[in-house]
Amino acid sequence: NASWNAALVATKPYQIEFRLRRHDGAYRWHIARAEPICDENGDVRMWIGSNTDIDDQKTAESELLALADTLEQRVNDRTLELEQRGEQLRQSQKLEAVGQLTGGIAHDFNNLLQIVSGNLQLLSRDIGDNPQAERRLANALSGTRRGAKLANQLLAFSRRQPLEPKVINIGRFLAGIDEMLRPALGEAVELETVISDGLWNTLVDFHQVENVILNLAINARDAMEGRGKLTVEVGNVHLDDAYARGHADLAAGQYVMLAVTDTGGGMSPQVVEQAFEPFFSTKPEGEGTGLGLSMVYGFVKQSGGHVKIYSEIGHGTTVKIYLPRVYESEDEAPVTDTETMVGGTETVLVAEDDEEVRLTVVELLENLGYRVISANDATAALAILDGGAAVDMLFTDVVMPGPLRSPDLARKARERLPGIAVLFTSGYTQNAIVHGGRLDPGVELLTKPYSREALARKVRQVLAKSRPQAS
């Protein structure tokens with residue numbers, strides 16, 4: 001060939017790359033090299049050469065060239081991914097900071113609400129037959145309940161709810177969802193539920209799932225202006241590594257997906273970005289608190305799940321919630337508390353640092369027939385127990401100042417009185433009796449603000465549970 005002829009004429013080394021077909025029909029790249037050996041006159045006397053298989057080298061070179069060609073695009077893709085994760089981290093940190101602030105506010109707010117609602121309930125026993133006073137009292141109590149709902153939504157967003165998760169099959173719960181949602185949706189909204197076969201179990205707080213679905217349904221109703229179609233769907237999904245890489249704090253794996261879809265006007269990308277922030281609302285002033293979606297976000301995150309909004313202007317909205325799959329068998333369905341309110345004659349030791357709250361709860365318990373001893377912190381309560389007081393129940397606030405923590409007070413109380421019942425109360429539990437977002441096993445909690453009826457029922461329930469241990 002031309003290369004060989006040129007080497008002969010110039011008496012210079014020869015080199016060429018070529019493909020050689022093997023006996024099995026496959027082609028391999030080879031390189032042939034040769035060096036001329038000349039006599040004293042400069043004429044070529046012989047050639048010494050070699051033929052080498054370089055197919056692996058050629059493949060590697062080809063791959064390297066391909067990598068080089070796509071390097072810029074891969075760098076751009078990685079840079080974009082890092083920017084997205086950085087933005088997600090900043091958003092997460094912002095929401096966490098707001099959550100810490102709102103948690104502290106909710107604690108003080110719930111104590112204030114407990115004082116107001118408790119005294120209003122005590123006052124209701126004194127007004128006699130006065131319809132006007134009764135109406136005003138009912139309005140005031142309604143206001144405290146609305147305030148309590150706001151505080152609970154703040155705690156939900158800040159991921160500081162004392163959750164009581166159970167292993168449930170959400171599909172069975174959805175089977176009766178129409179009865180719960182219909183009063184909120186109205187007759188002009190069509191409701192459809194889609195439940196996949198073979199649905200996995202998940203570990204969540206049953207009552208909070210109800211709240212989440214109700215919040216999403218009300219948002220959807222408003223987005224559809226009271227007329228349209230709402231679809232509630234539940235199914236099994238697997239979120240892969242590629243999806244998890246694009247979402248902070250999300251692990252790849254198997255999830256139970258709960259999706260709520262409406263046919264409303266949809267959201268812009270800017271609204272979607274802010275939708276989970278507390279107090280953000282697109283509703284007219286006075287028509288929304290902006291806490292519904294933030295409550296959903298906090299609950300899902302506290303439950304180890306993931307939530308995503310898919311929306312487009314003019315094409316409705318879908319909110320998808322992903323809750324981790326569990327392999328345990330389903331727990332018994334929670335029973336709605338319909339127990340009649342009754343009092344008792346046992347002795348209750350109340351440990352509460354807020355004086356006005358303490359005076360209010362003491363009077364509520366005394367009106368229910370109980371004998372009450374009170375202490376302003378855990379140390380004083382322990383001193384009362386060490387003094388030999390016969391106490392049937394310790395009713396203690398979770399967060400109190402002083403060197404002795406409430407859980408330690410409860411432990412020491414049980415050491416001294418093995419049959420004593422213990423009931424905690426708080427407007428904000430911090431990490432004293434809640435770990436991993438869940439109440440510690442065996443812990444009984446009555447969250448502030450509570451009604452006289454709720455107090456009466458919970459005290460009787462906890463006392464009843466303690467009796468087998470005392471016998």
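Two elements are said to be in contact when heavy atoms of one come within 4.5 Å of the other.

The model is a predicted one. For the protein chain the mean pLDDT is 84, and 87% of the residues reach 70 or more. Among the elements of the chain, the highest mean pLDDT, 96, belongs to strand S11 (residues 347-351), while the lowest, 58, belongs to strand S15 (residues 434-435). Where pLDDT is low, the predicted coordinates should not be read in detail.

The strands S11 and S12 belong to an open sheet of 5 strands, whose order is S12-S11-S13-S14-S17 and whose pairing is parallel. At its edges are strand S12 (371-375) and strand S17 (445-447), each of which pairs on one side only. From one strand to the next, the twist averages 20°. The parallel pairing of S11 and S12 extends over 5 bridges, and Val 350 stands opposite Ser 374 in S12. A further helix, H12 (residues 406-416), lies across S11, strand S13 (393-397) and strand S14 (421-426), and its direction is at about 170° to S13.

The peptide bond from Lys 448 to Pro 449 is cis, with omega near -10°. Pro 449 is located in the loop between S17 and helix H13 (452-470).

The description now turns to another sheet. This open sheet has 3 strands in the order S1-S2-S3, and its pairing is antiparallel. Strand S1 (14-21) and strand S3 (44-53) each have a single partner strand, so one side of each is left without a neighbour in the sheet. Neighbouring strands here are turned by 25° against each other on average, direction ignored. S1 and strand S2 (residues 27-38) are paired in the antiparallel sense over 8 bridges; the bridge partner of Arg 19 is Trp 29 in S2. Helix H1 (residues 2-10) packs on this sheet, where it touches S1 and S3, and its direction makes about 155° with that of S1. In the loop between H1 and S1 lies Thr 11, which has a positive phi of about 45° although it is not a glycine.

What links strand S1 to helix H2? Side chains of opposite charge can pair when their charged atoms come close. Glu 17 forms a salt bridge with Lys 58, and the closest N and O atoms are 3.1 Å apart. Glu 17 lies in strand S1 and Lys 58 in helix H2, so this pair ties together parts that are 41 residues apart in sequence. In the whole structure, a search finds 19 salt bridges.

Helix H2 also contributes to a feature of the surface. Ile 105, Phe 109, Leu 112 and Leu 150 form a nonpolar patch there, with about 320 Å² of accessible area together. The largest share of this patch, 3 residues, comes from helix H2 (residues 55-123), whereas Leu 150 lies in helix H3 (residues 131-157).

Technical notes. Residues are numbered from 1 along each chain as its sequence is written. This is a predicted model: local features need pLDDT of at least 70, side-chain atom pairs count only at pLDDT 80 or more; totals for chains, interfaces and linings use all residues. Side-chain values use heavy atoms; hydrogens and water are left out. pLDDT is the predictor's confidence in each residue, from 0 to 100. Helices (H or I, at least four residues) and strands (E, at least two) are DSSP runs, numbered from the N terminus. Two strands pair if DSSP finds at least two bridges between them. Axes are lines fitted to C-alpha atoms, for helices over the stretch in contact, and angles run from 0 to 180 degrees between N-to-C directions. Patches are made of residues with over 30% relative accessible area and no salt bridge: like charges are joined within 9 Å, nonpolar side chains (Val, Leu, Ile, Met, Phe, Trp, Tyr) within 5 Å. Accessible areas come from the Shrake-Rupley method with a 1.4 Å probe; for residues, only the protein chains shown count as cover. A salt bridge is a side-chain nitrogen of Lys or Arg within 4 Å of a carboxyl oxygen of Asp or Glu.
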